[in-house]
Amino acid sequence: MPRESDEVDRIVAAWTAQRPDLDFSPLEVLSRVDRLSRHLDRARRAAFGRSELVSWEWDVLSALRRSGEPFQLSPKQLLQQTLVSSGTMTNRIDRLVGRRLVRREADPGDGRSVLVTLTDEGRTRVDAAITRLVDAESHLLSELSRSDRERLAGLLRKLSLGFDAE
């Protein structure tokens, strides 16, 4: 029984015919990851958009939501979780304050510092977005069994840890 082929199979076959001296197995993996990444990006933008959020807003709001009650972090903690510059984070917090999705509060432990707190509106939006995101991502993985998902997650974790170590 012939296996199904996808666009990556066709691309690799064409390259193999033209350059039989090269091993194209990395393309078989990473070209698929790249294509899947594009589908994931579209699904995420749609899930966030239905909650009237964009990706960077999601990053900040979800970091606050994951922190648990009282859903607040320092700007430095947000920087560490979102991997953006200090100036970028200040701008993002300003914009989220303007949309009433977060508020700045004095840090009771250090009067010179502030904490960023998720508002009720911010929590409502991020909770709706995570529900939509989980649904969308489950749909993207619907062709895989639970055990296939677990095996794939383990392989991707292994690959990711190699990059994180650099």
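1. Val-29, Leu-30, Val-33, Leu-152, Leu-156, Leu-159 and Phe-163 make a nonpolar surface patch of about 620 Å². Patch residues have over 30% relative accessible area and no salt bridge, with nonpolar side chains joined within 5 Å. A salt bridge here is a Lys or Arg side-chain nitrogen within 4 Å of an Asp or Glu carboxyl oxygen. Areas are Shrake-Rupley values with a 1.4 Å probe.

2. The model is predicted: local features need pLDDT of at least 70, and side-chain atom pairs count only at pLDDT 80 or more, while totals for chains, interfaces and linings use all residues. Residues are numbered from 1 along each chain, and side-chain values use heavy atoms, without hydrogens and water.

3. Helices α2 (25-49) and α7 (146-164) each give at least two residues to the nonpolar patch. The largest share, four residues, is from α7. Helices are DSSP runs (H or I) of at least four residues, numbered from the N terminus. Val-33 sits in α2. Val-33 is partly exposed, at 39% relative accessibility. (Buried is under 20%, exposed over 50%, partly exposed in between.)

4. There are two aromatic pairs (ring centres within 6.5 Å; stacked if the planes are under 30 degrees apart). Trp-15 and Phe-24 are stacked, 6.2 Å centre to centre with 25 degrees between planes. Trp-15 is partly exposed at 44%, whereas Phe-24 is buried at 10%.

5. Phe-48 and Trp-58 also form a stacked pair, with centres 4.9 Å apart and planes at 20 degrees. Phe-48 lies in α2 and Trp-58 in α3 (residues 55-66), so the pair ties together parts ten residues apart in sequence. Phe-48 is buried at 3%. Trp-58 is buried at 12%.

Key
Patch = residues over 30% accessible without salt bridge, like charges linked within 9 Å, V, L, I, M, F, W, Y side chains within 5 Å. Buried < 20%, exposed > 50% of the residue type's maximum accessible area, 1.4 Å probe, protein only. Phe/Tyr/Trp six-rings, centres within 6.5 Å; stacked < 30°, edge-to-face > 60°.
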